[in-house]
Amino acid sequence: MVAHLLRLKLTLLRNSVRRSPWQLVGLGIGALYALGIVGVCVAGLFVLRGVEIELAQTVVVLCGATALLGWAIIPVAVSAADMTLDPARFTTFAVPMPQLLAGLALGGLIGIPGLATSLVALATVGTWSRSLPAAAGALAGAVLGVLSCIVLSKVVTTATAGLASSRRFKDISAVAFLIPLVLTGPIVAGIARGIAGSGDFLTGLARALSWTPAGAAFSLGGELAAGSYAAAAVKFLIAVATLAGLALAWKLLLQRALVTPPYAGTSKRRTGGTGLFGLFPATPAAAVAARSLYYWLRDPRYAGALVVVPLLPVLFLFQGSQSGFYGPFQFVGPLTAFLLSWSISTDVSYDSTAFALHVATGVRGADDRLGRALACLSFALPVVVLFSVGPFFFTGDWDKLPAVLGLSLGVLFTGLGLASVISARYTVSVPLPGDSPFKKPPGNVAQTLAVQFGGMAVLMVLVAPEAALVAAQFITGSPVPGWITLVLGPVLGLALFAVGIRTGGAWLDRRAPELLAQLAVNR
Amino acid sequence: MTFQPPGQQGQPAPPGPSSPPVPALSLLGLAKRFGDKIAVDGISLDVPAGSFYGVVGPNGAGKTTTLSMATGLLRPDFGTALIHGVDVWQHPLEAKKLMGILPDGVRLFDRLSGEQLVTYAGLLRGMDREMVASRVAELLAALDLDSDAGTLVVDYSAGMTKKIALASALIHAPRLLVLDEPFESVDPISAANIRDILDRYVASGGTVIVSSHVMDLVQRMCDHVAVVAGGRVLAAGTVEEVRAGASLEDRFVQLVGGRNHTEGLEWLRTF
C-alpha cells in the first residue's frame with residue numbers, strides 16, 4: 001500500500017509535467033535553483049568537517065532548527081502546501097491508517113523541497129565523518145530530522161486546513177507574505193550584522209536548542225564527535241520521541257480531518273449598505289470607479305501592489321542610510337507614480353470573464369476607462385505627491401523639488417492614459433480571481449512580456465520631455481528646467497491622459513466582445 | 001413559429017399595423033467557428049414576443065455560443081441577431097438596453113457584496129440611484145437573498161451566485177430576458193420562486209429565453225421550445241408541436257440520438 005501511494009505520487013508528478021512542456025521547464029528551473037542551493041549547502045557542510053567541533057555543531061544545529069521551522073511555516077504562509085496527495089481524497093478508499101501515514105510521509109520526500117532537505121541533511125554525515133560513531137550518529141540524526149520536518153509540516157497543514165481554506169486567511173496571508181519578501185535586503189543585512197556581533201549568543205542558542213525537539217536530531221553527530229556518549233543517548237531519545245509525538249499528533253488530526261471536512265465558514269451579513277456606490281455620483285463612470293476601489297482593497301492581487309507602495313520609501317531610505325547617498329531616494333515619487341499608474345494596464349485581465357457584465361450592460365468604453373483610471377488616481381495622486389515631497393525633508397535639496405514633482409505628475413497621468421489604452425486592447429496572463437498573487441498565471445507568457453515591456457517602452461518615450469528637463473537641471477544645476485517641468489508634467493500628462501481615455505474608450509466600444517473572448521481563454 | 005433554412009438573410013419588416021408583430025429575438029443564419037470546430041452551423045430562429053422559450057440540447061450543442069452571439073457577447077462569423085427589430089451587432093447599445101442577460105460560465109465581480117453587485121449592474125446601465133436602490137431591495141427579497149445582502153458574492157454558494165446574477169440581469173426591467181442555465185444548482189424552493197417571477201414577467205408581456213438540459217422543467221415551464229444539437233436547430237415551435245404527443249424527453253432523445261444500449265456490466269448485479 002505504501003508502494004502504491006509512492007507510485008501514485010510519482011505518476012501525478014509525471015502527468016503534471018506531461019500536461020505542457022512549460023511545466024517541465026518550470027520544474028527544471030526549480031530543480032536547478034534547488035540544486036544550486038543544495039550544492040552550496042553540501043559544500044559548506046563538508047568544509048565544516050575541518051573546523052572545530054563547537055563551531056560546526058552550532059551551524060548544523062541552527063540550520064536544522066531553521067529547516068524545521070521552514071517546513072512548518074512556509075506551506076501555510078504561501079498557501080502552497082503540496083496537496084497532490086491530499087488525505088481527503090483517500091477517504092472513500094478505506095486505506096489502513098498506518099499505511100496511509102507512512103505512504104504520505106514518504107511521499108512528502110518526493111518533490112524538490114523534500115529531496116533538497118534530504119540531500120543537505122545527509123551531507124551532515126560528511127561534516128561528522130571524523131569518527132565512525134559520529135558519522136553513524138549524524139546519519140541517524142539526518143533520517144530522524146528529515147522525517148520530523150515532513151511530519152511536522154503535515155501536522156501543521158492538517159491542523160490549519162480549515163483555516164487555510166477560508167478565503168479571508170488566503171487573502172491576508174498572500175498579502176502579508178509580500179512584506180518580508182520586499183524587505184529581504186534590509187532583513188538579511190540586519191541578521192548578518194546581528195550574527196557578526198553576537199557569536200557567543202548563537203553558540204549558546206544552539207546548545208540550548210540541541211536539548212529541545214527542534215535541534216536534538218541534528219546535534220547527534222556533534223555530541224558523538226565530542227565523545228559525550230551520555231548526552232548523545234539522551235538526545236537520541238529526545239529526537240525519537242519528537243518524531244513519535246509528531247506522528248501521533250498527525251494521526252489524531254488526520255483521523256478527525258477525514259471525517260470532518262474543512263468548512264469555510266462565513267458570517268452572514270444582512271446588509272452592508274452599498275458603501276462607495278452610494279457615495280459616488282450615480283453615473284456609469286463613477287460606478288466603475290467605486291467597483292475598482294473595492295477591488296483595490298479586497299482583492300489580494302491588487303492589495304499586494306498596495307502593500308509594496310509604503311515599503312518603497314523604506315527600502316530607499318535604508319539604502320540611503322547604508323551608503324550615505326540619497327540620490328535614488330529623491331526619485332521614489334516618480335517610481336511610485338510609474339508603479340501605480342502602470343498597475344491598471346492589467347485591469348481588464350484581472351476582471352477575467354466578470355468583464356462580461358460591462359459588455360452585457362453596454363457601458364460606454366470611455367466610462368469604463370475613466371472609472372478605472374479615477375479609482376487609481378484617487379489614492380495614487382496624494383501618495384505620489386507625498387512621496388515626491390517627502391524625501392526632500394531628508395536631503396534638504398529643495399531646489400530639485402519642482403523637477404521631481406513635475407516628473408512624478410507627468411509619469412502618473414501619462415501612465416494612466418497609456419495603461420487605459422493598452423488594457424482596452426491587449427490582455428496579459430495574470431493569476432485568476434481568487435488565486436494567490438504568487439500563483440503562476442495560465443496563458444501566453446510571451447504576449448504578456450511583449451505587452452508589458454512594449455508598453456513601458458512607449459511610456460518612456462511619452463515622458464521623455466519631462467525626463468530630459470529633469471536631467472538638464474541635474475546636469476546644469478540651473479533651477480529653470482525644474483520649474484518648466486513642474487508646469488509641463490501635469491499639462492502634458494493630463495493631455496495624454498485625456499487622449500488615452502478617449503482612444504481606449506473608442507477601442508473598447510469597437511472590440512469589447514473580442515476582448516471578452518480573449519479573457520475567456522484563460523478562465 | 002417560423003423556421004428558416006440556414007443562411008437565409010433578410011431585413012425585418014418595419015413594425016406596422018398590417019405587418020406581423022416583430023419577434024422579440026430573431027436569429028438569421030448565425031454561425032461561429034472556433035479553430036477547426038464549427039460550434040454553431042447557421043442557426044435561424046424566431047422567438048415571438050411574449051413567449052417563454054426553451055432552448056434544449058445535449059452538452060456541446062452550441063446553446064451557450066448561440067445565446068452569446070444573440071446577446072452581443074460573442075461576435076458571430078456570419079448571420080445577424082435582431083432584438084425587437086434592433087440589430088445587436090449594428091446598434092449594440094440600443095439592443096443591450098432591451099435585454100437582460102444571465103450568461104453561463106462567466107465570473108461575477110465577486111468581491112462586491114450581493115447588494116453592491118446588483119447596484120453596480122443598475123448604475124452601469126445609467127439608472128438613477130433611487131430607482132436602483134428600491135429595485136435592488138425588492139429583487140433581493142424576491143430571490144430570498146436579503147439575509148445575505150451584505151455578504152461578499154465570493155462567499156456565496158453556487159445557487160446563490162446564480163440568483164444574484166439573475167437579479168443583475170433583471171434590474172433594468174428588460175423586454176427580453178436571455179437566461180443560460182438559470183436553474184443549475186438552484187434549490188427547488190428558489191427555483192419555484194424564480195419560475196413565479198418569470199411567469200408573471202411573461203404574463204405582463206415580457207419574453208424569456210432559457211437554455212437547459214432538464215427536459216421536464218422546459219416542458220412544464222415553457223410554451224415554445226427549440227431543440228439544438230451539433231450547432232443546428234433540429235426542431236422548433238410550440239412545446240406541443242415539438243413533442244408531438246410524446247414527452248419532450250423522449251422526443252429529444254429521438255431527435256438527438258446517441259443513447260447507447262450497453263450490454264455488459266452484468267457483474268454490477270452480482271455484488
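The model is predicted; local features require pLDDT of at least 70, side-chain atom pairs count only at pLDDT 80 or more, and totals for chains, interfaces and linings use all residues. Residues are numbered from 1 along each chain as its sequence is written, while chains are lettered from A and ligands numbered from 1 in the order in which they are written.

**View 1. Strand E8 of chain B and its neighbours.** Strands (E, at least two residues) and helices (H or I, at least four) are DSSP runs, numbered from the N terminus, and two strands pair if DSSP finds at least two bridges between them. E8(B) is joined to strand E7 (residues 176-180) of chain B by five bridges, and these two strands run parallel. Within E8(B), B:Ile209 is the bridge partner of B:Val178. The chain passes from E7(B) to E8(B) by way of helix H6 (residues 188-203) of chain B, in a right-handed β-α-β crossover; right-handed denotes a path from the first strand over the helix to the second that runs clockwise with the strands pointing away from the viewer.

View 2. A residue is buried if 20 or more other C-beta atoms, placed from the backbone, lie within 10 Å of its own, exposed if 12 or fewer, and partly exposed in between. Strand E8 (residues 207-212) of chain B is largely enclosed by the rest of the structure, because six of its six residues are buried. B:Thr207, B:Ile209 and B:Ser211 cover one side, and B:Val208, B:Val210 and B:Ser212 the other.

**View 3. Helix H12 of chain A.** Ten of the ten residues of H12(A) (residues 216-225) are buried, so this helix is largely enclosed by the rest of the structure. Among them are A:Phe218, A:Glu223 and A:Leu224. A:Gly227, which follows H12(A), has a positive phi near 85°.

**View 4. A:Ala43 in helix H2 of chain A.** This residue lies in H2(A) (residues 21-47). A:Ala43 counts as exposed because it has 12 C-beta neighbours inside 10 Å. Its C-alpha atom is separated by 27 Å from that of A:Pro186, 143 residues apart along the chain.

**View 5. The side of chain B that touches chain A.** In total, 38 residues of chain B are in contact (C-beta atoms, placed from the backbone, within 7 Å) with 36 residues of chain A. Helix H2 (92-98) and helix H3 (114-124) of chain B each supply at least two residues of this side. H3(B) gives the most, with seven residues.

Notes
Two residues are in contact if their C-beta atoms, placed from the backbone, lie within 7 Å.
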